[in-house]
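Colleague: I am new to this one. Could you show me the structure and take me through the terms as we meet them?

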Amino acid sequence: MTEATADAAAKPLNPTLGIDLGADTTRLAYLQLERPMPTIVRNELSNEATHTMVTFGGAGDGRCYGESAASKQITKAKETVVDLATWLYGGHSRENQSSSLHDSNLNELRHLSGVELHAVQVAAYFIKSMLRLVEQHPAHVQHVASEAAGAPAGDSINHHLPVCVAVPAVIGPAGIAAVRECCLLAGIPQAETFIAHSDEAVAVYMHHLHYANLPSLRASPPAAPAVVVILDVGQSSMCGCVLQASQERLTKVATHASGTGSGDIDIALCGYVYEEIAKKHAKELSELAGCHVGSDTLGFRGNVKVWRKLIRECKKTKEVLSSVEEANVQLEGLVGDLDIVVPVSRRTLDHLISPILSEMREMLIKLRDAALAVSTAGAPLRIEVIGGGWRTTCVAELIKHVFQVERLGVSLDPSLAVAEGAAILAALCAYPVTAADADDLVSVSADEAAGRRHAVHRVVLERFELTDPRAVTAAQLSEQQEAAVVAWAAMELKLAEMDQFIKERLQLINELDSFVLQTLDALTAALTPAADATEEAKASLASRAEAGQQYLHTISDYISDDCHGDPKELVQAKLEQTRSHMTAYFPELAAYYAAEEAKRLAKEEALRQLSDAHAREVERGDGDDGDSLKTDPQRLRMAQRRREQGQALFKEECWAEAQKRFVQALAVLGQLYDLKNPETLEQRRAISLSCHLNIASCSIKLQLWRNALNNSNSVLELSPDHPKGLFRRGQARLGLQELPEAVGDLQRAADLSQQDAAVVAELNRAKEALEKAEGAGEEDVFEDVCLNMYKQYRKPKQTSN
């Protein structure tokens, strides 16, 4: 082991992070060096990809990113940055129909909700928000816990992790400097920040993914390295590299990149659709605009919402054309109520993108020549493709033609390759390995035995720009650039304080709103008079309830008006005032909440007792599995026990858990062996009927109408004129809006039950719904039925059967 790597070995091998800051979405990867491959850090919605967008909502909403920003890109188009990556890298927005990624756009400032901001500031907020996701990543939580357990008492733990940001190979020096400024502003120290071109990230991802199948230089005789060509046709650029790969070495032979990507295909198709609309729909657009519109001004030039919709639909059509000969660009409500359909053939698309293909052909030929120069004569080339652009049929055929291959390798996951490769590069840069160490079998074995570093991470990178200290990607920030970051940090602090203020205010508003809604629901129940109450007492309670509701509705109007724009201190005061008022004037609420809490505790206790009983059954071998129940009497007793448990849970209003017990009872009955015994058959029928009836009741409570209908049918198969079976089936059909059938079942149930009040009430509701269905529109009926069902289930709960 060399002296340099001996020092590195003494360092704790912290996990590393990789960021794929893409034009559309961003992914964040987390690598533990004792494991061969990274994992993706999921966002708050458990998605692997996060939209590369930021919205500045202003004084009312504050900033948001990712999926929250994507949901506002139409409603708050001017406040939403949808081209964050290309803006940061120095390119122009795709909506301005420019595809070049150069440095001319880097100094552009944008006014977002009254604040003039640089791309670095917006991107830093986005990356900082992404990095917060790491705190909840299970692997990192475990790492922090183990690190804290091993640290001496009183020692502080530094959780800064090495980070590698993968960027397109075509961005200029200023764009790379902007990324470094962005990371520093996001709180990542320069010493822990690495910037790599995306082709290098994909290269190490390929190496690690196929490590076991790569030749080894330690073999006797040493095997020749494999020659691999990786092509990445991305949204904003396309890049290809030629690699010589073995387990111990990864050498980059050649790299060629272009500022043309699959986004240019979208723009070319969008331009064609725009021209077709101008030819065929100028008259309709003129009528909508109230004036004449020409082919160069269709009435929506400059309309961000319309252009985003147009580009989005063109992207969908491009994907469809990869597998069919013709598809339609469907633009519903493009302008006003105008729906437009533009047919596009695959041949048309091929013609539109021919300039893009010419540029790609030149790049592919250079890569092919470089690969042939280092490959063994006659050996086939291995071509791996990623990125969405290559799936366009003409692009795939061009690649096959230039490299003379019949099929393209798709073993690399395009969604994960860049982010996971970046995390691997961060590890290889933060904890470097020399050629001597890579060949040292003793060192490799010791590392793996100690759980410090997997053997796959001991690869040596050769001719990688990331490892070249003279490369542009390695350049540190100048004093002037660091001073700019300091100035931006001061502004970011103010913006963060504003975000926090807005967040706290919105939390108070939500808390006030929740209190109002909860109290409105509780007030009626808390002030319900007793059955033997006098008319005077009933009138008094009704008057008080009405006064309380009016007061709460006044507070609800205050909330709907954004609390009159009051600061959080006044909103807090209003919340406390509302609580005090309701507590002082309606002491019955406290008793109602206490009773509800007692019911909740009773449910928990019932569930706990059932759980304990089941555990005891398992311990004594009396469970409900087929192995423990040996005889039919045992099975019948167990089914009866499960039915009784379900009934107990039903009384506690634990509908789902009760239904589970009834289903378990039926499952046990299905294991009965002697079905010729009349006594066994009679007990089986009685328990089955009761369970199906109770499952139907639980399903109605849970609004699982189809399940309620199926179990009601099972009851009626066992007993065709069972009143409750007909009643439950009528309720289920009412929920399914099968109104004539519901009326029939309920009428029959009413006749058989001697006009039971609950059945008659349900029958009247069904008849009213049917009458409205015959005289009103379907939408009105649906609304009324839902309202009736809501009122029904607000009533006191029924008992179990």
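Modeller: Start with pairing: two strands pair if DSSP finds at least two bridges between them. Strands (E, at least two residues) and helices (H or I, at least four) are DSSP runs, numbered from the N terminus. Thr-16, in β1 (residues 16-21), stands opposite Leu-31 in β2. This is a predicted model, where local features need pLDDT of at least 70, side-chain atom pairs count only at pLDDT 80 or more, and totals for chains, interfaces and linings use all residues. Residues are numbered from 1 along each chain as its sequence is written, and side-chain values use heavy atoms, with hydrogens and water left out.

Colleague: How do you know that β1 and β2 pair?

Modeller: 6 bridges join β1 to β2 (residues 25-31), and the two run antiparallel. Pairing takes at least two. They form a hairpin with 3 residues between them.

Colleague: What joins β1 to β10?

Modeller: 4 bridges, with the strands running parallel. Asp-20 has Ala-166 as its bridge partner in β10.

Colleague: What makes β1 a mostly covered strand?

Modeller: 6 of its 6 residues are buried. Buried means under 20% relative accessible area, exposed over 50%, and partly exposed in between (1.4 Å probe, protein chains only). Both faces are covered: Thr-16, Gly-18 and Asp-20 lie on one side, and Leu-17, Ile-19 and Leu-21 on the other.

Colleague: Why is Leu-412 called buried?

Modeller: Its relative accessible area is 1%. The limit is under 20%. So Leu-412 counts as buried. Leu-412 sits in the loop between α12 (393-403) and α13 (417-430).

Colleague: Which residues does Leu-412 contact?

Modeller: Contact means heavy atoms within 4.5 Å. Leaving aside neighbours within four places in sequence, the partners of Leu-412 include Val-202, Tyr-205, His-210 and Ile-230. Leu-412 and Ile-230 are 182 residues apart in sequence, yet 9.5 Å apart in space, C-alpha to C-alpha.

Colleague: What makes a group of residues a nonpolar core?

Modeller: The members are buried Ala, Val, Leu, Ile, Met, Phe, Trp, Tyr and Cys residues, joined through side-chain atoms within 4.5 Å. The largest such core here has 50 residues, and Leu-231, Val-273, Ile-383, Ile-399 and Phe-403 touch the most other members. Helix α11 (residues 354-374) gives the largest share, 8 residues. Apart from this core lies another, of 47 residues, among them Ile-171 and Ala-186.

Colleague: Why is the pair of Tyr-65 and Phe-126 called edge-to-face?

Modeller: Rings of Phe, Tyr and Trp (its six-membered ring) pair if their centres lie within 6.5 Å; planes under 30 degrees apart count as stacked, over 60 as edge-to-face and the rest as tilted. The centres of Tyr-65 and Phe-126 are 5.9 Å apart and the planes stand at 80°, so the pair is edge-to-face. Both residues are buried.

Colleague: How do you know that Arg-110 lies over the face of Trp-87?

Modeller: A charge sits over a ring if NZ of Lys or CZ of Arg is within 6 Å of the ring centre and within 35 degrees of the ring normal. Arg-110 is 4.0 Å from the ring centre of Trp-87. Lys-252 also has its charged end over a ring, that of Phe-464, 5.7 Å from the centre.
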